[in-house]
Amino acid sequence: MQAILGGADRLARAAFALSAVLVMCLAAFVFYEVVSRYAIGRPTTWVNEVSGYLLVAATFLAGGWVLRQGAHVRMEMLEEMAGPRGRAALALFGNLVAFLVGIALVWTGASMAYDSWDFGWESPTILATPLWMPQAAIPVGALVLSLSALAGMLEALVKLTGGEPHGRPGEGGR
């Protein structure tokens, strides 16, 4: 089980690191656009489009790591009122919902990206970006989210069945 949890955490961390790089690129591109537009008087034709793609990709790629850190929206008031088994049951339910949403996003996102690739759809802009490229971030990020939720369900099941909770690699038990 440690190998599964460790693998899910490493994958989520790698996707989050890529997300952070995309956010830094996004910030640099927007800064470049501001300087080009207001200091030089020559706005770009590509920053707005590319920024939208980067924002979507960064958001989806970060989801799994955010879930593993316990930072997604959850009902903390209920968790505080519940005992350890109640918290484990809430974690199981929350991760199950995240898993189901993630799987739905993998399916629909992959279908959308495939259709864009199959039909050769491009953005109606000067860049004419093949739309499957930015759309591919949706199923990839949703897959990372689904695997992270699956790892969270496994942890919750261990706690519910009275097993010894295992920490993530490099951590003690929770």
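**Exercise 1. Find which residues Ser36 touches, leaving aside those up to four places away in sequence.**

Step 1: With contact taken as heavy atoms within 4.5 Å, and not counting residues up to four places away in sequence, Ser36 touches Gly41, Arg42, Pro43 and Thr44. The model is a predicted one, in which local features need pLDDT of at least 70, side-chain atom pairs count only at pLDDT 80 or more, and totals for chains, interfaces and linings use all residues. Residues are numbered from 1 along each chain as its sequence is written, and side-chain values use heavy atoms, with hydrogens and water left out.

Step 2: Ser36 lies in helix α1, residues 2–40, where helices are DSSP runs of H or I with at least four residues, numbered from the N terminus.

Step 3: Ser36 counts as buried because its relative accessible area is 4%, the term buried standing for under 20% relative accessible area with a 1.4 Å probe and protein chains only.

**Exercise 2. Work out how far helix α4 reaches and which of its residues are buried.**

Step 1: Helix α4, residues 84–119, has 36 residues and reaches 52 Å from its first C-alpha to its last, close to the 52 Å expected at 1.5 Å a residue; the expected span is 1.5 Å times one less than the number of residues.

Step 2: The buried residues of α4 are Ala88, Asn95, Ala98, Gly102, Gly109, Ala113 and Ser116, and what covers them includes α2 (47–68), α5 (132–135) and α6 (137–160).

Step 3: After α4 comes Gly120, whose phi is positive, near 70 degrees.

**Exercise 3. Explain why Ser116 counts as buried, and name what it touches.**

Step 1: Ser116, which is found in helix α4, counts as buried because its relative accessibility is 2%.

Step 2: Not counting residues up to four places away in sequence, Ser116 touches Trp121, Leu131, Trp132 and Gln135.

Step 3: Between Ser116 and Ala137 there are 13 Å in space, C-alpha to C-alpha, while in sequence the two are 21 residues apart.

**Exercise 4. Describe the lining of the largest pocket by helix and by class.**

Step 1: Helix α4 gives the most to this lining, with 12 residues, and α2, α4 and α6 each supply at least two.

Step 2: By class, the lining of the largest pocket has 14 nonpolar, 6 polar and 9 charged residues, where Ala, Val, Leu, Ile, Met, Phe, Trp, Tyr, Cys and Pro count as nonpolar, Asp, Glu, Lys and Arg as charged, and the others, Gly among them, as polar.

Methods. Buried means under 20% relative accessible area, exposed over 50%, partly exposed in between (1.4 Å probe, protein chains only).
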